[in-house]
Amino acid sequence: MKLAAFRRTSEPDGTRRTGLVVGDGPNWWIHPFPEDTDLVELLAVDAADREAAADAAAQGDGLQPEDVVLLPPVYPVAMRDFLTFEAHVDGMERGHGNPGPPAEWYDAPVFLFMAPHAVTGPYDDVAIAPDTERFDFELELAAVICRDVRNATPEEARAAIGGYCVMNDWSARDIQGKEMKLKLGPSKGKDFATTIGPWVVTADELEGSRDADGFLDLEMTVKVNDVRVGGDRSVHMGWSFEQLVSHASRASWVKAGEVLASGTCASGSLAESWGRTGSLTPPPLKVGDVVEMTIERLGTIRNTVVADTETVPPVIAARRRVEVSA
C-alpha cells in the first residue's frame, strides 16, 4: 500500500491531507482518506484495519497528479541518518587521504541527527545552500517509524517500521568538510533541505523483496538532467533497518513519526566520485540542474536546484582570546 500526504492545487499552503496512491509510474491517482486521518497513525494500525480504510477510500473519486501537490509524507519528530554502505564509506575516506573504511565503522552503526524541519516535498524546488561551491546530493532509503520503541531487539523493531520512502540528503560539501575538521557536525553543511517521498510504501508490501538475511533488496538510481550518475542496491547495507532501529533504541527512545535513513549508497553522491578520482568530476550541482532519484517499488523524487533568494546574516568569526603577558 502506498500512502501520500498532499493538498489539492486549489487549497492554500498549510493544508495537509492523507491519501491512498493507486497506480504506478506517471499514471497514478490519489484517493483521499477522511480529513482527520494521520498518515503515521494509519501505518500503526492493524493491517486488516488499514486495508479496510484503504478500500473505503478507493470507493471515492481519485485525484490525478495535476490536481495535487505532494507534500513530505511526514514532518518527522526527529531524523537519524546512518552510514551503512561500506563502498560509500570507502570512497569518502579515500577522498580524505585514508586507505578505506576505519576499523571502527564495522563495530556498530553510527548515525547523525538531522534537522526535521528542513524536509521538502518530492517535487519541490530546492534552493542551493548559501556559501557553497560544492553542492551535492545523497541517494538514500528511509524508514518511517510508527510505534515508540526503547531497547528493542531487531525482531521487536520490525513492528515499529511502518514503511519506506526515498530520501535525498542534500549536502554542501565544502561547508561540511570545514565543520568536520573539528570532529563535530556536519551542521550548516546539511540543515537546509532534505527531500523525502514521493509517498510511503507500507513495510508489508516489501516482504517479498528481502534476501535470505532479511535485508531489503531494491535497486537505487540517481540521475542529473536525465543522465544516470550513480546507483546501487539496498541489499549492500551493512546492517538491516531492523538492526538500525534496535541500535538507535539502546537506552533511548525511537518515537513514532521519526525517519531513519540508510545513509548514502555506493555512487549515490558526487563527493564519493570526487574522493575516488581526486577531481570534481562529475561537477558540483548548479542552479537549473534536475536531480531525480528512484528506488525500486518506492517511486521517484525529482527536484530542481534553484537560486537562493534569502538574505542570510554573515558568518561570525570567533572572538580570539588575548594572551596577557606577565
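**Before you start**

The structure is a predicted model, in which local features need pLDDT of at least 70 and side-chain atom pairs count only at pLDDT 80 or more, while totals for chains, interfaces and linings use all residues. Residues are numbered from 1 along each chain as its sequence is written, and side-chain values use heavy atoms, with hydrogens and water left out.

**The whole chain**

The protein chain has seven helices and 20 strands; helices (H or I, at least four residues) and strands (E, at least two) are DSSP runs, numbered from the N terminus. Along its principal axes the C-alpha trace spans about 80 × 45 × 45 Å. The radius of gyration, taken over C-alpha atoms, can be set against a globule rule of 2.2 Å times the number of residues to the power 0.38; because a compact globule of 326 residues would have a value near 20 Å, the 20 Å of this protein chain agrees with the rule.

Now switch to a surface view. The accessible surface comes to about 16,000 Å², and 52% of it belongs to carbon and sulfur atoms; such areas come from the Shrake-Rupley method with a 1.4 Å probe, and for residues only the protein chains shown count as cover. Of the 326 residues, 50% count as buried, where buried means under 20% relative accessible area, exposed means over 50%, and partly exposed lies in between (1.4 Å probe, protein chains only).

Select residues 17–22, which make up strand β2, where five of the six residues are buried. Strand β1 (residues 2–8) is joined to β2 by five bridges and runs antiparallel to it; two strands pair if DSSP finds at least two bridges between them. Within this pairing, Ala5 stands opposite Thr18 in β2. Strand β3 (residues 29–32) is also antiparallel to β2, with four bridges between them, and here Val21 stands opposite Ile30 in β3. The hairpin formed by β2 and β3 has six residues between the strands, and Gly23 in its turn has a positive phi of about 105°.

Move on to Glu41, which is found in helix α1 (residues 39–44). Glu41 counts as exposed because its relative accessibility is 53%.

**Helix α3**

Select residues 86–95 for helix α3, whose buried residues are His88, Val89, Asp90, Gly91, Met92 and Glu93. What covers these buried residues includes α5 (173–180) and α7 (270–277). After α3 comes Gly97, which has a positive phi near 85°.

**An open sheet**

Next, pick out the open sheet of five strands, which has the order β8-β20-β19-β15-β16 and mixed pairing. At its edges stand β8 (126–127) and β16 (227–233), each with a single partner strand, so one side of each has no neighbour in the sheet. Zoom in on β8, which runs parallel to strand β20 (residues 299–306) and is joined to β20 by two bridges; Val126 stands opposite Val305 in β20.

**Aromatic pairs and the core**

Show the side chains of Phe, Tyr and Trp. Their rings (for Trp, the six-membered ring) pair if the centres lie within 6.5 Å, and planes under 30 degrees apart count as stacked, over 60 as edge-to-face and the rest as tilted. By this rule there are eight aromatic pairs. One of them is the edge-to-face pair of Trp105 and Trp239, at 5.0 Å centre to centre with 65° between the planes. Trp105 lies in the loop between α3 and β6 (111–113) and Trp239 in the loop between β16 and α6 (241–248), so the pair ties together parts that are 134 residues apart in sequence.

Another edge-to-face pair is Tyr164 and Phe241, at 5.3 Å centre to centre with 70° between the planes. Tyr164 lies in strand β12 (residues 161–169) and Phe241 in helix α6, so this pair ties together parts that are 77 residues apart in sequence.

A nonpolar core is a set of buried Ala, Val, Leu, Ile, Met, Phe, Trp, Tyr and Cys residues joined through side-chain atoms within 4.5 Å. The largest such core has 62 residues, of which Tyr164, Leu285 and Leu298 touch the most other members. A second, separate core of 23 residues includes Leu42, Leu43, Cys165 and Val200.

Key: Contact = heavy atoms within 4.5 Å.
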